[in-house]
Amino acid sequence: MASTSSLALSQALLVRAISHHGSDQRVSLVPSSLSSRCASSRRRNAASMTKLRSLPLPRPLLVRAAAVETLETSTNSSIVDKSVNSIRFLAIDAVEKAKSGHPGLPMGCAPMAHILYDEVMRYNPKNPYWFNRDRFVLSAGHGCMLLYALLHLAGYDSVLEEDLKSFRQWGSKTPGHPENFETPGIEVTTGPLGQGIANAVGLALAEKHLAARFNKPDAEVVDHYTYVILGDGCQMEGISNEAASLAGHWGLGKLIAFYDDNHISIDGDTEIAFTENVDQRFEALGWHVIWVKNGNTGYDEIRAAIKEAKTVTDKPTLIKVTTTIGYGSPNKANSYSVHGAALGEKEVEATRNNLGWPYEPFQVPDDVKSHWSRHTPEGKALESDWNANFAAYEKKYPEEAAELKSIITGELPAGWEKALPTYTPESPGDATRNLSQQCLNAIAKVVPGFLGGSADLASSNMTLLKAFGDFQKATPEERNLRFGVREHGMGAICNGIALHSPGLIPYCATFFVFTDYMRGAMRISALSEAGVIYVMTHDSIGLGEDGPTHQPIEHIASFRAMPNTLMFRPADGNETAGAYKIAVTKRKTPSILALSRQKLPQLPGTSIEGVEKGGYTISDNSSGNKPDVILIGTGSELEIAAQAGEVLRKEGKTVRVVSFVCWELFDEQTDEYKESVLPSDVSARVSIEAASTFGWGKIVGGKGKSIGINSFGASAPAPLLYKEFGITVEAVVDAAKSLF
């Protein structure tokens with residue numbers, strides 16, 4: 001049980017929080033057993049209350065504190081206290097052993113997290129991938145020891161005691177931030193603040209969409225919640241507002257977010273930079289908002305808030321839980337010093353004494369182990385019941401069951417790729433963004449988990465699925481997602497969709513240059529092995545008059561530098577179809593398609609099969625693998641390389657023209673194949689791409705030439721821009737001749 005000083009500290013924080021939120025409710029303090037730090041904080045809070053009361057009163061809050069209801073609880077208060085402290089001390093001990101980490105959040109959030117994992121959530125510890133499990137996201141990923149402690153107590157095999165003891169160490173299953181690809185039981189990779197709450201919106205969207213498509217009046221096979229804990233840092237990041245706005249608009253009633261309202265960030269008290277009324281902001285975004293005033297010991301308040309949240313089915317719920325960061329630490333609680341550093345040996349001992357915790361480091365009391373052990377048989381029973389339910393569903397609704405099974409397993413329908421369009425040189429030329437739309441619509445007809453949309457540019461990105469309507473609050477079964485002008489939120493939401501089920505294949509779109517707004521989410525796609533398809537149009541100066549603000553230059557090179565990312569730049573219809581064939585099948589690697597605004601011809605020699613190699617020959621009049629020169633192009637410039645090749649051939653040269661549509665796929669090929677395309681003894685190589693030349697040196701070699709653009713673009717018609725920037729047939733021919 002907590003000591004008097006710890007409880008007094010809790011009450012001092014509540015005075016501060018209530019004054020911060022404009023309430024005149026009075027809270028009596030436990031007499032002065034607080035440390036001098038706490039007394040100072042209390043004086044500051046009193047001054048703050050005096051100052052606030054001298055200001056004009058704000059409009060009455062529509063939000064209210066959670067009602068404390070009389071609930072039937074499954075556990076007595078003693079075992080709850082011991083479980084909560086077990087979570088706290090597993091985090092404290094792991095951070096202390098690593099001499100690195102963030103103990104403050106786990107110490108403060110342990111009560112709400114305990115109630116979630118022990119009393120509320122449905123999951124099977126022995127099968128972390130059971131489809132109908134509830135999902136949990138720790139958006140404040142720095143506090144990951146909270147999650148590792150929960151997984152350990154709940155019986156997940158991925159987090160054993162030795163894993164806790166190797167927190168933040170090489171090869172550990174308990175890295176410094178949650179990583180879904182390292183630790184089964186972790187749903188998404190978090191750490192960059194705000195990403196997790198946006199991922200959670202994607203997870204909740206996926207549940208709402210699948211439930212609307214597959215549930216029947218007499219058979220419910222999709223029914224789970226998404227829970228998330230986010231902190232002040234997440235709230236400050238703009239991505240969280242983007243995602244929360246969409247969640248409210250879409251009415252994601254099974255999304256319940258816990259806001260760890262502790263008023264502390266790395267630089268100190270949030271009063272220095274973050275004083276907005278979060279409650280009112282979320283109300284305006286269309287959320288139901290509940291305030292739990294005592295998140296430290298108010299277990300029944302937390303339970304009541306969750307119970308109330310589940311009754312609100314037409315909007316997501318934000319439960320603001322006022323907590324003490326580092327709860328229980330006599331000298332560091334409620335301060336920035338407990339946020340991101342180990343407590344230190346003396347403070348750990350003081351915290352043990354303060355919370356009455358006599359156990360050794362990493363020791364979980366036997367009664368706590370026994371209490372939590374029930375989750376293994378209960379989880380097995382939950383999954384078994386669901387499997388029986390699904391088997392009955394499958395007999396009644398075989399077609400729907402087959403589609404849902406494809407989404408759950410990630411197994412694509414046999415022969416789906418035959419739906420992709422193919423082209424000949426006689427086919428009409430077109431912008432690759434338009435050819436992309438043909439592919440998107442073809443895929444959506446045969447791949448049940450394919451869905452996506454654009455950041456308010458569907459008519460320009462050409463991403464509308466014509467056979468489907470819009471996913472909206474009243475029509476969640478539809479597959480066109482309208483993200484509005486929210487690129488960063490869009491990317492992170494798609495990560496959540498992709499990580500919900502292996503067969504959900506989301507795509508999202510904007511102008512290629514605006515990947516700058518969503519790069520954080522795209523990097524997390526790559527890191528967390530989320531196979532999102534990024535449809536990026538207006539890929540070069542070829543977009544013309546909109547000018548350099550809209551013309552990407554360095555973007556292709558930057559994504560080629562990003563690990564686990566496929567950067568495609570198709571030249572025509574066959575290459576666009578080939579890029580989609582790979583993108584759909586690569587479920588653990590995101591794909592980026594850079595597509596043209598301007599019309600391009602269907603080139604001889606291109607093929608879907610060639611794209612699978614990343615780089616391949618489209619024309620060659622040489623023999624013995626010894627051309628005089630190799631011309632290499634991507635996207636709209638492959639046509640220029642092909643035309644330059646014809647000029648040089650007429651002058652008696654042997655020329656190989658190579659499409660380098662995806663460097664990453666080419667790197668995966670055998671040395672023999674690479675040699676067949678780029679023979680090592682042919683040093684006369686010229687590349688052309690209407691983008692930065694950065695990186696092309698590894699392709700053309702030390703003696704080769706790279707034609708590109710290493711400055712910002714300009715506003716003018718596209719043909720003139722190509723001429724002025726030297727992206728021409730003549731430039732390629734001249735560069736080639738300089739190498740003979």
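Predicted model: local features only at pLDDT ≥ 70, side-chain atom pairs only at ≥ 80, totals over all residues.
Phe 660 and Trp 663 are both buried.

How buried is Phe 660? Its relative accessible area is 1%, so Phe 660 is buried. Trp 696 is also at 1% relative accessibility and therefore counts as buried, the cut-off being under 20%.

In total, the structure holds 23 aromatic pairs. Elsewhere in the chain, ring pairs join Phe 131, Trp 386, Phe 390, Tyr 393 and Tyr 397 into a cluster. Over the face of Phe 131 lies Arg 135, at 6.0 Å from the ring centre. There is also a lysine to mention: the charged end of Lys 310 sits over the ring of Tyr 225, 4.6 Å from the centre of that ring.

Next, the annotation. Which residues does the UniProt "binding site" annotation cover? According to the record, an unreviewed entry, they are Asp 232, Asn 262 and Ile 264. These residues are spread over 33 residues of sequence, yet they cluster in space, with a largest C-alpha distance of 7.6 Å.

Asp 232 is in helix H8 (residues 232–236). At 4% relative accessibility, Asp 232 counts as buried. Leaving aside residues up to four places away in sequence, Asp 232 touches Tyr 259, Asp 260, Asn 262, His 263, Ile 264, Thr 270 and Phe 274.

Asn 262 is placed in the loop between strand E4 (255–261) and strand E5 (264–265). Its relative accessible area is 6%, and Asn 262 is buried. With the same exclusion of residues up to four places away, Asn 262 touches Asp 232, Thr 323, Ile 325 and Asn 334. Its side chain also makes a polar contact of 3.0 Å with the side chain of Asp 260.

Now helix H9, residues 238–250. H9 has 13 residues and reaches 19 Å from its first C-alpha to its last, close to the 18 Å expected at 1.5 Å a residue. Its buried residues include Ile 239, Ala 243, Leu 246 and Trp 250. What do the buried residues of H9 pack against? Their partners are helix H7 (195–214), H8, E4, H10, strand E10 (480–482) and helix H18 (487–500). Just after H9, Gly 251 takes a positive phi of about 65°.

H10 is the last stop. Arg 281 is in this helix, which covers residues 278–284. Buried or exposed, at 18% relative accessibility? Arg 281 counts as buried, because the cut-off is under 20%. Its side chain and that of Asn 241 are joined by a polar contact of 2.7 Å. Beyond residues up to four places away in sequence, Arg 281 touches Gln 235, Asn 241 and Glu 276.

Technical notes. Residues numbered from 1 in each chain as written. Heavy atoms only, no water. Helix = DSSP H or I, 4+ residues; strand = E, 2+ residues; numbered from the N terminus. Buried < 20%, exposed > 50% of the residue type's maximum accessible area, 1.4 Å probe, protein only. Polar contact = N/O pair within 3.5 Å; in protein donor to acceptor, adjacent residues only side chain to side chain. Contact = heavy atoms within 4.5 Å. Phe/Tyr/Trp six-rings, centres within 6.5 Å; stacked < 30°, edge-to-face > 60°. Lys NZ or Arg CZ within 6 Å of the ring centre and 35° of its normal. UniProt positions renumbered as here; feature names shortened; annotations may be inferred. Expected span 1.5 Å × (residues − 1).
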